[in-house]
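User: I am new to this structure and would like to learn how to read it feature by feature. Please give the general idea each time, then the case at hand.

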Amino acid sequence: MPSIVYVLNGPNLNLLGTREPQTYGRSTLMDVERICREHAGRHGLEVDFRQSNHEGELIDWIHEAATKKSAGIVLNAGGYTHTSVAIRDAVAAVAVPVIEVHISNIFARESFRHVSHIAPVARASLAGFGVDGYALAIDGLAALIGARRAGERSERPARQPLKRRAGERSERPARQPLRRKR
C-alpha cells in the first residue's frame with residue numbers, strides 16, 4: 001500500500017516567516033515541513049515535501065504523485081488556487097486524493113481570493129488554520145486512506161463491544177442516574 005504523501009507548495013510559500021507575517025504567521029517553510037513529517041510519521045506515512053514558484057513544475061509533481069501511486073497529495077497552490085485552470089485540471093486528472101490547504105482564511109480576504117479552482121476537484125479543503133492546517137490535512141488524508149483500505153477488504157465488520165479482562169475497569173466513569181428536580 002502506498003505510504004508517501006506529496007506535500008506541494010506553490011508560489012511565494014518559500015517566503016513564509018517573512019512575507020506578510022500578520023496574515024501568514026512567523027513559521028517558515030522549514031517549520032511546515034517539520035510539522036508535516038512529524039504528523040505523517042504518526043500515521044506511518046512518509047512525506048515528499050516540495051515548493052515551486054512555477055505552475056508547470058507543480059503540475060508535473062501532481063502527475064508524478066499519481067504515476068508513483070502515492071497515498072495522496074496535500075496541496076497549497078498559493079495564488080494559483082484562484083487563477084490556474086491547468087492545476088485544477090491536473091488535480092481532476094489524477095486518481096489520488098488531494099487535500100487543498102491554505103494558511104489564511106481565503107474567504108475572509110480580498111474578493112478575488114474567494115474563488116478556488118481546485119476546491120471542486122479536491123477531496124477536501126482547509127483554510128484559516130495557519131500552518132496547523134497541514135497537520136489537519138495529513139490527519140484527514142490518513143483517515144481517508146484507512147477508510148479506503150477497509151473498503152477494499154470487504155464490508156466493514158460491525159463494531160464489537162470492548163472486551164475487558166475480569167476485574168478490569170472502564171476508563172469512562174459509570175453513568176449516574178438522572179435526578180429530577182421537584
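This is a predicted model: local features need pLDDT of at least 70, side-chain atom pairs count only at pLDDT 80 or more; totals for chains, interfaces and linings use all residues.

User: Which strands does β1 pair with, and over how many bridges?

Analyst: The general idea is that strands of a sheet pair through backbone hydrogen bonds, in a parallel or an antiparallel way. Here β1 has a parallel pairing with β2 over six bridges. With β3, β1 pairs over five bridges, again in the parallel sense. Individual positions can be read off as well: Y6 stands opposite D48 in β2, while V5 stands opposite G72 in β3.

User: In what order do the five strands of the open sheet come?

Analyst: The order is β2-β1-β3-β4-β5, and the pairing is parallel. At the edges are β2, residues 46-51, and β5, residues 124-127, each of which pairs on one side only. On average, neighbouring strands of this sheet are turned by 15° against each other, with direction ignored.

User: How many bridges join β3 to β4, and which residue is the partner of I73?

Analyst: Strand β3 covers residues 72-76 and strand β4 covers residues 98-102; three bridges join the two, and they run parallel. I73 has V98 in β4 as its bridge partner.

User: Which strands does helix α2 lie across, and which does helix α3 lie across?

Analyst: For a helix on a sheet, look at the strands under it and then at the angle between the directions. Helix α2, residues 29-42, lies across β1 (4-9) and β2, and runs at about 160° to β2. Helix α3, residues 55-67, lies across β1, β2 and β3, at about 170° to β1.

User: How many salt bridges does the structure hold, and which residue pairs with R37?

Analyst: Look for a side-chain nitrogen of Lys or Arg within 4 Å of a carboxyl oxygen of Asp or Glu. The structure holds six salt bridges. R37 forms one with E33, the closest N and O atoms being 2.8 Å apart. R37 and E33 are four residues apart in helix α2, so about one helical turn separates them. Both are partly exposed: R37 has a relative accessibility of 39%, and E33 has a relative accessible area of 24%.

A second salt bridge joins R34 and E38, at 3.6 Å from N to O. These two are also four residues apart in α2, which means a separation of about one helical turn. R34 is partly exposed at 42%, and E38 is partly exposed at 42%.

User: Which residues are joined with D48 and R50 into one network?

Analyst: When salt bridges share partners, trace them as a chain. D48 and R50 meet at 2.9 Å, N to O. D48 is partly exposed at 22% relative accessible area, whereas R50 is buried at 17%. Shared partners join D48, R50, E64 and K68 into one network.

User: Where is P97 found, and is P97 buried or exposed?

Analyst: For a loop residue, name the elements on either side, then check its accessibility. P97 is in the loop between α4 and β4, and is buried, with a relative accessible area of 12%. Sequence distance and spatial distance should be read separately: P97 and A122 are 25 residues apart in sequence and 7.1 Å apart in space, C-alpha to C-alpha.

Definitions and conventions: Residues are numbered from 1 along each chain as its sequence is written. Side-chain values use heavy atoms; hydrogens and water are left out. Two strands pair if DSSP finds at least two bridges between them. Axes are lines fitted to C-alpha atoms, for helices over the stretch in contact, and angles run from 0 to 180 degrees between N-to-C directions. Contact means heavy atoms within 4.5 Å. Buried means under 20% relative accessible area, exposed over 50%, partly exposed in between (1.4 Å probe, protein chains only).
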